Amino acid sequence: MSFRWSEAKRRRGEQQQSGRPQATDRCSTEQVVEEAEAARSTRAGSRATSPRESVGNTFVPLASSHSSLKRQKAATSSREYFLGCNSKYLTVPQNMPSLHSRRISGSLEAPSCVGTNCSSIINNYLDGTERESMDSMSGMHFRDSNRKVDYVLVYHYRKLLTQHQPGAGSQGPMHRAASMTIASSGETKKGCLKLQRDNGQHAPQEAQVIELDPLDTLEEEKRQQREEYECNLVAAGLEIEKDVENKSQGLNFVRIHATWQVLSREAELLKIKMPTKKMYKIKEEGGILKKLNEIWCKLSEPLQPQVPQEDTKMKSLSYPFSREKIYLYNIRDKDTFFDNATRSRIVYEILKRTSTKTRNSMGISTLIANNVYDAAYPLHDGEYEYQNDGMNERKLLYREWARYGVFYKFQPIDLIRKYFGEKIGLYFAWLGLYTEFLIPSSVVGIIVFLYGCITIESDIPSKEMCDQHNTFTMCPLCDKFCDYWNLSSACSTARASHLFDNPATVFFSIFMALWATMFLEQWKRLQMRLSYFWDLTGLDEEEEHPRPEYETKLLQKKLKKKNMKTENMNKDEEDKLTCNDRMPGYAANFGLILFMITLTFSAVFGVIVYRITTSAALSFSTNETTRSNVRVTVTATAVIINLVVILILDEIYGAVAKWLTEIEVPKTEKTFEERLILKAFLLKFVNSYAPIFYVAFFKGRFVGRPGHYVYVFEGYRMEECAPGGCLMELCIQLSIIMLGKQLIQNNLFEIGIPKLKKLIRKMKDEGTEPKKMDTRQPKDPQQWYLDYTLEPFTGLTPEYMEMIIQFGFVTLFVASFPLAPLFALLNNIIEVRLDAKKFVTELRRPDTVRAKDIGIWYNILSGIGKLSVIINAFVIAVTSDFIPRLMYQYAYSQNGSMHGFINHTLSYFNVSHLKAGTQPENSPFAQDILFCRFKDYREPPWSQNQYEFSKQYWAVLSARLAFVILFQNLVMFLSILVDWMIPDIPKDISEQIKKEKSVLVDFFLKEEHEKLKLVESFITHDKRKHKSGAKDQRIRAASFSQFNQSQKGSIASFSSQHTEV
């Protein structure tokens, strides 16, 4: 039975091979011309007796079983020879089931490449008769509906402008003329031949040489690169399917499928961990923790997403895939053993390392950069909206994660990781933990704010400032046009400052510093837990392939050295780019980054000049309302200008950082990403926080004093802080910039820009497509086309960056704005679903990348957390009035209360000491005022050291510096204590990792022991068989000897008898 089956299979293979055109090693113009002439004459004689079947305009013989096929063998040999030389793809008609099924079913072996030639690659196109079957396709498989589309390459094609255009009575683009046109760019090259089919009724014509214009030359070059690259992919074991190019120009998709042999081979090379047959029990926590966990699970059940949950009590033992140990793995179905994400990852690795000799293109990235291909991406798992289709992972993610209506639910992290890969899964896990940690900090911030609201009526300094009986006549705010004013007019500013400048803000600053430490520690624990359940614990750093740009630069270096014929070059220096090679890039980086930082400071200085000049201009106004609201108007407009400048420079700095990283030519993608992150973060950090740093630490520090002010541009005084201090203005600046960036940059830009790019790409594609309708196209577009219309995935750097900048707003200046965590929480609730919707519905499916941590972002977070301690210490000590109030209450107050604090902080100035031309003009109080007050610690005019810094100034300054040192060391000590108390690896995970190692060893020992027992049983069986065989042989020998003796006796007796007879 088995013999008959194998013989039948062999015969079918021979029949399939007989119908396939064979690749040839060389293809000259003369041979093609001679064989084309022979084919033409043969076809002319046998056309009447050779039935053919027409598909569109392409004539293909019927199945090999036809009776006249043998007579056509000589006639078609030259045509097949030409197709094997010059047409790298075989056009398979769709209405020939016998031939089509054999080509598509995968029964043919993967073609191999010889030189630049390649045997036929599957190339299916659709005709009108199969439109209905195409409409019913899922768009996820090849035409056989069995093999998955694991990856898609997309390119635009354009037929040669110099090619004969179809017209009245002329042949269409799919015809192959009897005459042959040799298209060349000046010289006849192999592979440049273009043959058009004829209907056989035209007379033979001479071959003609046509000069290609530059566009045709470029298009022909791209076509050759694509053919060579796809040929090399087939040689690597991949299977390819593509549509015929039946238009003058258009879009074409190359579908790629990875067979089991390729998947298993690459999984072993990449050391991908796969589940084995062994399952072991996960240790559960006991006692009160178990009960609390059960209670929490019941309470949070409405918040859980309705997705398939993995078993939390049992875990499958994973081990790097090995074909030699394939019996260890739980392989139920080879088609589903590797999930879609793993399959696409394997194919992408092959695409990255497959090169072409043309232009020395190295990998798919170089080909996309050279516009040979437009895009390369894995497919999404079908549609996400339609209800009539079956459920898939993409639809499940959309329903339970990527909608604003499920904002209250937890994220299905395991499903995210399964669909998008570990790197994206870790990002959303980090974002989810960060959002959860914002809840307690928001609650504490609200409490601090409410404390300020409650105690505002009992705040003695605010009461003294608002008391109309305390006539504190203040010095003019500007020269000539500003009059003396009463401090009680700034009552509202003082009361608002108390909302954020109160003793509770100190506690909140300490709390936020510890909060940042606890967040980072908890993230390390969660990261370790995810690494265990995602089988990332033993993940080694994969050896990355060099970037195509690096390889190109290295090749240019080798060619340059080869042309220079230098013999003193070290071999190690030839194989890599040295610092000398990168020195121009480093110099450009240093100079341009310095220029960008200077540009940021210049923008801040420009806004300062705007504030000063606008304040002076509004002070000249004759309108009383305008003059009274100068400070509010200038502050609000300046902050808006700052926000617009920050948004514009952010976009510029992102592009500049990428360009600077590219000219450095990093070797690997990981190095490229880290350097890009550092540059972008440095530029955006300076851009976002420079205006805030100015208000917090520099504004009002270099004003001077009445009679001796500091001027800018010879006439404009440096701006001062408000009477209530600069903390309120810092709060306004921080809140507007933070909320503006979150609303405009993080939300509107993320929603609007992808939609705008999608619209532009759609209009561009519609412009390149022909206007006439193609009746062979399916009613519903296929999945690969739907995914092509989506926005390409450009990495997680923008997502991380906006969250890191927000983390800085929450931690660095939280002493001035306790409500910052609350606004960050509200933004992140929307941000999680916005990012989820973007990944599921608006972006092409990213390539899965395995990662065991968030990389350099953790170091940046840790650095921001440590910097926040220092900055908040200076904000409390320098910007707020916390230290002056504390010093007054315990050092200068007579009764230990805050009564008299305002008077203590104001110095006297003799108005007669004002410079000529700076006195207020037309002031009704000029004759009655002898002294005016200004906020500073200086000696009075009747002192010997008039207007010099007083003892109180030095005492307060010493207390401020002491507070900074004490606060910093105390918080750092508490942070280290929290870090020490919370282990990086949870205890249960640590035990489970040890248990997994022991289970793995036992599992392998058991398998090896069973193998050894099996081998021993075979050996024992062979020995027994050998012994029994030897015994039987001795018995047979003995019986044979007895038989011989009996035979001899019988012969002797017979002979004697015969003699006697």
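Predicted model: local features only at pLDDT ≥ 70, side-chain atom pairs only at ≥ 80, totals over all residues.
**Ground rules.** I number residues from 1 along each chain as its sequence is written, and I leave out hydrogens and water, using heavy atoms for side-chain values. Local features need pLDDT of at least 70 and side-chain atom pairs count only at pLDDT 80 or more, while totals for chains, interfaces and linings use all residues.

**Disulfides.** I took a disulfide to be a pair of cysteine sulfur atoms within 2.5 Å, and the count came to 4. I looked up Cys466 and Cys491 and found their S to S distance to be 1.8 Å. Their link is right-handed, with 95° about the S-S bond. Cys466 lies in helix α15 (residues 460–466) and Cys491 in helix α16 (residues 491–500), so the pair ties together parts that are 25 residues apart in sequence; helices here are DSSP runs of H or I, at least four residues, numbered from the N terminus.

Next I checked Cys478 and Cys482, whose sulfur atoms are 1.6 Å apart. The torsion about their S-S bond is about 95°, so this disulfide is right-handed too.

Cys721 joins Cys726 at 1.4 Å, S to S, and this link is left-handed at -80°.

**Exposure.** I called a residue buried under 20% relative accessible area, exposed over 50% and partly exposed in between (1.4 Å probe, protein chains only). Cys721 is partly exposed at 22%, whereas Cys726 is buried at 2%.

**Cavity.** I then turned to the second largest cavity, which is lined by 13 residues; a cavity is a set of points on a 1 Å grid over the protein atoms alone where a 1.4 Å probe fits but cannot get out, and lining residues have an atom within 4 Å of a point. Asp479, Tyr709, Arg717, Leu914 and Thr918 lie nearest its centre.

Note on methods. 1 Å grid on protein atoms, 1.4 Å probe; cavity = no way out; pocket = protein on both sides within 12 Å on 5 of 7 lines; lining within 4 Å. Helix = DSSP H or I, 4+ residues; strand = E, 2+ residues; numbered from the N terminus.
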